[in-house]
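Me: I would like to learn how to read a structure like this. Please take me through it feature by feature.

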Amino acid sequence: LSWLDGMIEADEDYFARHGEPLFSSHTLDLSEEPLKQNIDTCVHYLTRLSAVNCLLEVELGASGGADEGMDGTSAENASLYTQPEEVCWAF
């Protein structure tokens with residue numbers, strides 16, 4: 001993810017010079033990817049960001065909203081919302 005790599009490189013450079021990250025956090029939405037791939041990728045980036053005191057917000061799955069193109073009228077709960085067991089597994 002070259003766009004995220006570039007922002008993290010800026011954080012790392014800024015942190016090396018100033019002792020704090022350039023950004024306070026980043027958000028990574030890989031909710032359309034398989035859960036394991038999503039988490040593995042997020043772990044990679046969180047490891048880098050933790051080193052410069054920067055947070056990472058991750059999107060595990062669809063939240064059932066307009067952003068995902070869902071109106072929620074005909075889909076099952078499990079396909080609309082991140083499930084508790086997915087959150088526990090990610091944690």
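**Salt bridges and core**

Reply: Start with E12, which is partly exposed, its relative accessible area being 28%. Keep in mind that this is a predicted model.

Me: Which side chain does E12 meet in a salt bridge?

Reply: A salt bridge needs a Lys or Arg side-chain nitrogen within 4 Å of an Asp or Glu carboxyl oxygen. Here E12 pairs with R48, at 3.0 Å from N to O. The two are 36 residues apart, E12 in helix α1 and R48 in helix α2, so the pair links distant parts of the chain.

Me: How many salt bridges are there by this rule?

Reply: The count is 4. Another one joins D13 to R17, with the closest N and O atoms 2.9 Å apart. Both of these residues lie in helix α1, 4 residues apart, about one turn of the helix. D13 is partly exposed at 40%, whereas R17 is exposed at 55%. In helix α2, D40 and K36 are likewise 4 residues apart, and their closest N and O atoms are 2.8 Å apart. Salt bridges that share partners also join D5, E12 and R48 into one network.

Me: Which residues make up the largest nonpolar core?

Reply: A residue counts as buried under 20% relative accessible area. The largest nonpolar core has 10 residues, including L4, I8, Y45 and L56. Helices α1 and α2 each give two or more residues to this core, and α2 gives the most, with 3.

Me: How do strands β1 and β2 run, parallel or antiparallel?

Reply: They run parallel, joined by 5 bridges. With α2, they make a right-handed β-α-β unit.

Technical notes:
Residues numbered from 1 in each chain as written. Predicted model: local features only at pLDDT ≥ 70, side-chain atom pairs only at ≥ 80, totals over all residues. Heavy atoms only, no water. Core = buried A, V, L, I, M, F, W, Y, C linked by side-chain atoms within 4.5 Å. Buried < 20%, exposed > 50% of the residue type's maximum accessible area, 1.4 Å probe, protein only. Pairing = 2+ DSSP bridges. Right-handed = clockwise from strand over helix to strand, strands pointing away.
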